[in-house]
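Subject: Structure handover

Hello,

The structure you asked for is below, and my notes on it follow.

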Amino acid sequence: MAAGKSVVGRKLAHRLKRGFVDLDQVIELREGMKVREIFKVKGEAYFRELERLTLREILRRNGQVIATGGGVVLDEENLRLLKDQSLLICLKATPEMLLKRSGRGEERPLLKGGDRKERIAKLLKQREERYDQAHLSIDTTALSLDEVVENILEAIGNLTAPSPLPSPSGRGRG
């Protein structure tokens, strides 16, 4: 939440010359209402089921950058699919920065009620174990948009670069 998933995802997709999909926007278009309204009218459980079904559908297509909501990984099957079928990147930031970026929080149904900074810290703690399973994690707190995208591109390059180590056969690089 407010770590930069959508804005980073769009810029990363542009740099990689790939399509961009924002999972929440797809759900909003299909339901004809904003995520906050879905939570209010139909509840979080209904939204999470839509999220699960939509994610499965989107992951069937290759060559895209997908921005998911921060809670998508709470579902074990979603987390498994993302880990198995994509490069799962977790964008993190301090609770203070997330609070600042989330503005008044009116678009954020999970920040309703009580102290918002406390709610953010609680959500991060609840999700920490899941977020730690990402293939790559980047703290966006002190980074610009361009710096975050460059860090991701560098990590992708490192994943696809040939190994400088000799192959097991001893002939050339692996």
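Overall layout

From the N terminus on, the order of elements in the chain is α-β-α-α-α-β-α-β-α-α-β-α. That comes to eight helices and four strands, where helices (H or I, at least four residues) and strands (E, at least two) are DSSP runs, numbered from the N terminus. This is a predicted model, in which local features need pLDDT of at least 70 and side-chain atom pairs count only at pLDDT 80 or more, while totals for chains, interfaces and linings use all residues. Residues are numbered from 1 along each chain as its sequence is written, and side-chain values use heavy atoms, with hydrogens and water left out.

Of the 174 residues in the chain, 39% are buried; buried means under 20% relative accessible area, exposed over 50%, and partly exposed in between (1.4 Å probe, protein chains only). The chain exposes about 10400 Å², and carbon and sulfur atoms supply 52% of that area (Shrake-Rupley method with a 1.4 Å probe; for residues, only the protein chains shown count as cover). Among contacts (heavy atoms within 4.5 Å) with a separation of 6 or more, 61% are between residues 24 or more positions apart.

Helix 1 covers residues 5-16; at 1.5 Å a residue its 12 residues should span 16 Å, and the end C-alpha atoms are 16 Å apart, which agrees. The expected span is 1.5 Å times one less than the number of residues. V8, G9, L12 and A13 are the buried residues of helix 1. Seen down the helix axis, the buried residues fall within an arc of 130°, so they line one face of helix 1; the arc is that of the directions from the helix axis to the C-beta atoms. Their cover includes strand 1 (19-22), strand 2 (64-67), strand 3 (89-92) and helix 8 (145-160).

K17 is in the loop between helix 1 and strand 1. Phi of K17 is near 55°, a positive value in a residue other than glycine. With 76% relative accessibility, K17 counts as exposed.

Helix 2

At the start of helix 2, a side-chain oxygen of D22 comes to within 3.0 Å of the backbone nitrogen of D24. The buried residues in helix 2 are L23, V26, I27 and E28, and what covers them includes strand 1, helix 3, helix 4 and strand 2. E28 has a relative accessible area of 19% and is therefore buried. Not counting residues up to four places away in sequence, E28 touches M33, K34 and V35.

Nonpolar cores

A nonpolar core here is a set of buried Ala, Val, Leu, Ile, Met, Phe, Trp, Tyr and Cys residues joined through side-chain atoms within 4.5 Å. The largest has 22 residues, and those with the most contacts inside it are L23, I27, F47, L55, V72, V73 and L82. Helix 2 (23-31), helix 3 (35-42), helix 4 (44-59) and helix 5 (76-85) are the elements that give two or more residues to this core. Helix 4 gives the most, with five residues. Leaving aside neighbours within four places in sequence, V73 is in contact with L79, L82, R130 and Y131. A second, separate core has 18 residues, including V8, I138, V149 and A155.

Regards

Terms used: Polar contact = N/O pair within 3.5 Å; in protein donor to acceptor, adjacent residues only side chain to side chain.
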